[in-house]
Amino acid sequence: MRLGIIGLPNSGKTTLFNALTRSNRPTGAVSGGKLEVFTAVVPVPDARIDQLSAMYKPKKTIYATITYTDIAGLERGIGKEGISGELRNQLQQVEGFIHVVRAFEDENVPHPEITVDPLRDLSTVDTEFLLSDLVTVEKRLERLTDERRKGKPSNPTTFEAELETLTRFKAHLDELKPLRDLETSEEERRLVRGYGLLSLKPVLVIFNAGDQPFDLDRAAGYQHGTTRLITLQGKIEAEIAQLEGEDQRLFLEEYGIQEAGAQRAIRESYELLHIQSFFTVGPDEVRAWTIPVGATAQEAAGTIHSDLARGFIRAEVTACTDLLTLGSEAEVKKQGKMRLEGKEYIVKDGDIMHVRANV
Ligand SMILES: Nc1nc2c(ncn2[C@@H]2O[C@H](COP(=O)(O)OP(=O)(O)OP(=O)(O)O)[C@@H](O)[C@H]2O)c(=O)[nH]1
Ligand SMILES: [Mg+2]
């Protein structure tokens, strides 16, 4: 799963990217608003994996991962004609966005709109995305209307459903509301999948604050739908990310910070994508696997290996909290906390699974 880090020029995207991925990319108006893309894969911190690893002392401990792409190149006005070319291509490839909004004051860092105004910037970028979507939807609707006139629908089986969905989407966009806030069915999302609609993707907004955290109450109106909001001190976080072990602990202590905010942001962005983890454990490996919320045991088995899905017999499932509380697999069995589940079982976040399969 991949998240794109977006925002206006100089908002601190690369600074945040460095904080989240422990990279060391140059910052400071280097992109000058031009398209520029960096990618990195990071482990998703998970205390449960830490505890399971302490219990099994495996040769390998593998966390779930998430990919971040720093995508520079957005500016005010870019959506009016529809975002196109390589920038659009990059934006379409990600499953969700981290929208970095400048909330820090610093006269040495120029702002493209001169003044620092986080709420204005938040809606600026949001609006560019939905205007771009409006262009896409209108073009497609025109094409469909044309096909109807000629009596030659390119795809007769989905024609009516698509027309209906796009008409509904257009009405929502006309009110300047992002598509992510519209209730959509699986069927509707499937119909429009090929269009790469940007405002349909979930967004985690990170207010990049200076010395003081940004007061999230000020943005209360945005806390709806799939938009999540957090505040982070980007520059400090990027410094923390460069430190190891003890140095990092001392730095956090000096600034009175409980936990590196970047770690929290990684978890939040993972949850944003409507995905979850199940675990496999043993002396060789303790590992987190990523599946969509609602996936079945058979689908989960398939993420480990396609053979396990094909030959699936049953899964032995234990809630990881049960194992951690009871302390051992033997105790879990004794207390009847290990269940046998079939193909259709809906896996829960934190399940430990052992798949029995005919391979
Ligand atoms: N004072 C202060 N400066 C910051 C903070 N975050 C970023 N900066 C500075 O702001 C400037 C721009 O940061 P970048 O991370 O390069 O911003 P960007 O969004 O990647 O910029 P472009 O890629 O050019 O669009 C740099 O000089 C950073 O050091 C912060 O929290 N406080
Ligand atoms: Mg940058």
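## Note on pockets, cavities and salt bridges

1. The residues lining the largest pocket divide into 13 nonpolar, seven polar and eight charged. Here Ala, Val, Leu, Ile, Met, Phe, Trp, Tyr, Cys and Pro count as nonpolar, Asp, Glu, Lys and Arg as charged, and the others, Gly among them, as polar. A pocket is an open set of points on a 1 Å grid over the protein atoms alone, with protein on both sides within 12 Å along at least five of seven lines, and a lining residue has an atom within 4 Å of a point.

2. This is a predicted model, in which local features need pLDDT of at least 70 and side-chain atom pairs count only at pLDDT 80 or more, while totals for chains, interfaces and linings use all residues. Residues are numbered from 1 along each chain as its sequence is written, chains are lettered from A and ligands numbered from 1 in the order in which they are written, and side-chain values use heavy atoms, with hydrogens and water left out.

3. The protein chain contains 13 helices and twelve strands, taken as DSSP runs (helices: H or I, at least four residues; strands: E, at least two) and numbered from the N terminus. Its C-alpha trace spans about 65 × 65 × 35 Å along the principal axes. Of the 359 residues in the chain, 48% are buried, that is, under 20% relative accessible area, against over 50% for exposed and in between for partly exposed (1.4 Å probe, protein chains only). Among contacts (heavy atoms within 4.5 Å) between residues at least 6 apart in sequence, 69% join residues at least 24 apart.

4. The largest pocket holds about 1100 Å³ of space, where a volume is the space filled by probe spheres set on grid points joined across faces, edges and corners. Its lining has 28 residues, and those nearest the centre are Arg189, Arg193, Pro202, Leu273 and His274. Helix H6 (186–192) and strand E7 (227–232) are the elements that give two or more residues to this lining. The largest share, three residues, is supplied by H6.

5. Two cavities of 30 Å³ or more are present in the structure; a cavity is a set of grid points where a 1.4 Å probe fits but cannot get out. The largest cavity has a volume of about 50 Å³. It is lined by 13 residues, with Leu8, Ser11, Val100, Arg102 and Asp121 closest to its centre. Strand E5 (96–102) and helix H4 (118–150) each give two or more residues to this lining, and E5 makes the largest contribution, four residues. By class, six of the lining residues are nonpolar, five polar and two charged.

6. In the second largest cavity there is about 30 Å³ of space. The residues that line it are Ile6, Phe97, His99, Val125, Asp126, Phe129, Arg180 and Val203. E5 and H4 supply at least two residues each to the second largest cavity, with the largest share, three residues, coming from H4. Five of these lining residues are nonpolar, one is polar and two are charged.

7. Lys13 is buried but forms no salt bridge, and Asp70, the nearest side chain of opposite charge, is 5.7 Å away. Beyond residues up to four places away in sequence, Lys13 touches Ile5, Ile6, Gly7, Leu8, Asp70, Ile71, Ala72 and Val100.

8. The structure has 28 salt bridges, each a side-chain nitrogen of Lys or Arg within 4 Å of a carboxyl oxygen of Asp or Glu. One of them pairs Arg267 with Asp46, with 4.0 Å between the closest N and O atoms. Arg267 lies in helix H9 (residues 261–272) and Asp46 in the loop between strand E2 (36–43) and helix H2 (47–56), so this pair ties together parts 221 residues apart in sequence. Arg267 is partly exposed, at 23% relative accessible area, whereas Asp46 is buried, at 8%.

9. Arg140 and Glu162 form another salt bridge, at 2.8 Å from N to O. Arg140 is in helix H4 and Glu162 in helix H5 (residues 159–174), and the pair links distant parts of the chain, 22 residues apart. Both Arg140 and Glu162 are buried.

10. A salt bridge also joins Glu175 and Lys177, whose closest N and O atoms are 2.7 Å apart. Lys177 is partly exposed, with a relative accessible area of 37%. Elsewhere, salt bridges with shared partners connect Asp46, Arg48, Arg228, Arg267, Glu268, Glu271 and Asp349 in one network.

Terms used. Lys and Arg count as positive and Asp and Glu as negative; His and the chain ends are not counted.
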